[in-house]
Amino acid sequence: MKSVNRMEQFLKNYGHPGWDQWYDALEKLVKDKRAYLDSAGGNFKKFKSVVEKLPEIYPHSVDLSSRAVSIGQSDQLLPDEKDRLYKGLVNLCPWRKGPFDFFGVHVDAEWQSWMKWERLVPHLPSLKYRKILDIGSSNGYYMFKMAASDPTLVLGLEPQSAFYYQYCAAQKYLNLKNVFCLPAAYNELPAMNRFFDLVLCMGILYHRKSPVKMLKKIHDSLVPGGQVVVENLVIKGENNYCLFPFDRYAKMRNVFFIPDLSAMEAWLARAGFSDIRCVDITGTTLTEQRKTDWIQTESLEDFLDPEDPSKTVEGYPAPVRAIYTASA
């Protein structure tokens, strides 16, 4: 895909002697992913075909500052083009993050991601000329929002096929020169020590068996004084406790440690971070996460106890998410 090819070109143009320790490994990862996408089967092949068949249109306008990532205008499309666009976007479901607007086709994603963005953005440093990593970037909603502030680089990692190709669909029209995404998990990324100015790790850490180990790698990848943003499920309290679900949490598999507020701070400190701040604590509501025509799966209302929505269907405390910032 063009996204990976553009990442190769960026590396060639932006290479620096100080990158010797990891440049070759990153270049190999990018080439390996390009080769994989060229020959992939299954969902990667299916979703690649969907994106390739989307209409070729150059948007007259782009708006990355409104709540929806907005691309083009409805009157740019002929009726058959709008039908092809709509059907293609539907075939990329489920859309978890958003909303997006493609030439008047409104993609009402499961998450009203603008709500989290508006809670987060007052606590971000200046993004101009910064190098940013977004771990588990999904369809790129937050990357596109950050791109409006003119960073040097925003690199996303998203191994899930539908989400990666949703990103490709948006980039097909946005064509942002400073935004890239690799269909890769974080553990595939080489240790790019002291490179990034900002790392986002949002909705990821509770899926890790060794959260402190991951935070330590993030710490080491940041320039001195660089900043991490961690958004994570938490349980209320400051007793240095963690919830470890027996099987599932809110019907999610692979959920391991859900810390309380003090434990989350202790993880960051153990990983080497300083200036640790909890900047937001918000319970997930049916306004922010809900079922729409663009997901065709269960959503928050199905994950909560119908008799007591303060609990999950398994009997654990209902989802609460906290945003922490810290400095390397």
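The stops that follow concern side-chain contacts in a predicted model.

**Salt bridges**

Begin with the charged side chains, among which the structure holds 16 salt bridges. Select lysine 33 and glutamate 188, whose side chains meet in a salt bridge with an N to O distance of 2.9 Å. Lysine 33 belongs to helix H2 (residues 23–39), whereas glutamate 188 is found in the loop between strand S7 (179–182) and strand S8 (196–202); the pair therefore ties together parts that are 155 residues apart in sequence. Colour the two residues by accessibility: is lysine 33 buried or exposed? With a relative accessibility of 13%, lysine 33 counts as buried, because the cut-off for that class is under 20%. Glutamate 188, by contrast, is partly exposed, at a relative accessible area of 34%.

Next, select lysine 128 and aspartate 150, which form a salt bridge with their closest N and O atoms 3.0 Å apart. This pair links distant parts of the chain, 22 residues apart: lysine 128 is in the loop between helix H5 (113–120) and strand S5 (131–135), and aspartate 150 is in the loop between helix H6 (141–147) and strand S6 (153–157). Lysine 128 is partly exposed, with a relative accessible area of 36%. Aspartate 150 is likewise partly exposed, at 35%.

Move on to lysine 251 and glutamate 298, a salt bridge in which the closest N and O atoms are 3.1 Å apart. Lysine 251 sits in the loop between strand S10 (242–243) and strand S11 (258–259), and glutamate 298 in the loop between strand S12 (274–283) and helix H10 (300–303), so the contact ties together parts 47 residues apart in sequence. Lysine 251 has a relative accessible area of 32% and is partly exposed; glutamate 298, at 37%, is also partly exposed.

Lys116, Glu231 and Arg321 are linked in a network of salt bridges.

**Aromatic pairs**

Now display the aromatic side chains; the whole structure contains 20 aromatic pairs. Select tyrosine 86 and tryptophan 294, whose ring centres are 5.8 Å apart and whose planes lie at 80 degrees, so the pair is edge-to-face. Tyrosine 86 is in helix H4 (residues 79–90) and tryptophan 294 in the loop between S12 and H10, so this contact ties together parts that are 208 residues apart in sequence. Tyrosine 86 is partly exposed, with a relative accessible area of 42%, whereas tryptophan 294 counts as buried at 7% relative accessibility.

The next selection is phenylalanine 102 with tyrosine 173. Their ring centres are 6.4 Å apart and their planes stand at 75 degrees, so the pair is edge-to-face. Are phenylalanine 102 and tyrosine 173 buried or exposed? Both phenylalanine 102 and tyrosine 173 are buried.

**Charges over rings**

Finally, select arginine 67 and tryptophan 114: the charged end of arginine 67 sits over the ring of tryptophan 114, at 3.7 Å from its centre. The last stop is lysine 217 with tyrosine 186. Here lysine 217 lies over the face of tyrosine 186, 4.4 Å from the ring centre.

Terms used
Residues are numbered from 1 along each chain as its sequence is written. This is a predicted model: local features need pLDDT of at least 70, side-chain atom pairs count only at pLDDT 80 or more; totals for chains, interfaces and linings use all residues. Side-chain values use heavy atoms; hydrogens and water are left out. A salt bridge is a side-chain nitrogen of Lys or Arg within 4 Å of a carboxyl oxygen of Asp or Glu. Helices (H or I, at least four residues) and strands (E, at least two) are DSSP runs, numbered from the N terminus. Buried means under 20% relative accessible area, exposed over 50%, partly exposed in between (1.4 Å probe, protein chains only). Rings of Phe, Tyr and Trp (its six-membered ring) pair if their centres lie within 6.5 Å; planes under 30 degrees apart count as stacked, over 60 as edge-to-face and the rest as tilted. A charge sits over a ring if NZ of Lys or CZ of Arg is within 6 Å of the ring centre and within 35 degrees of the ring normal.
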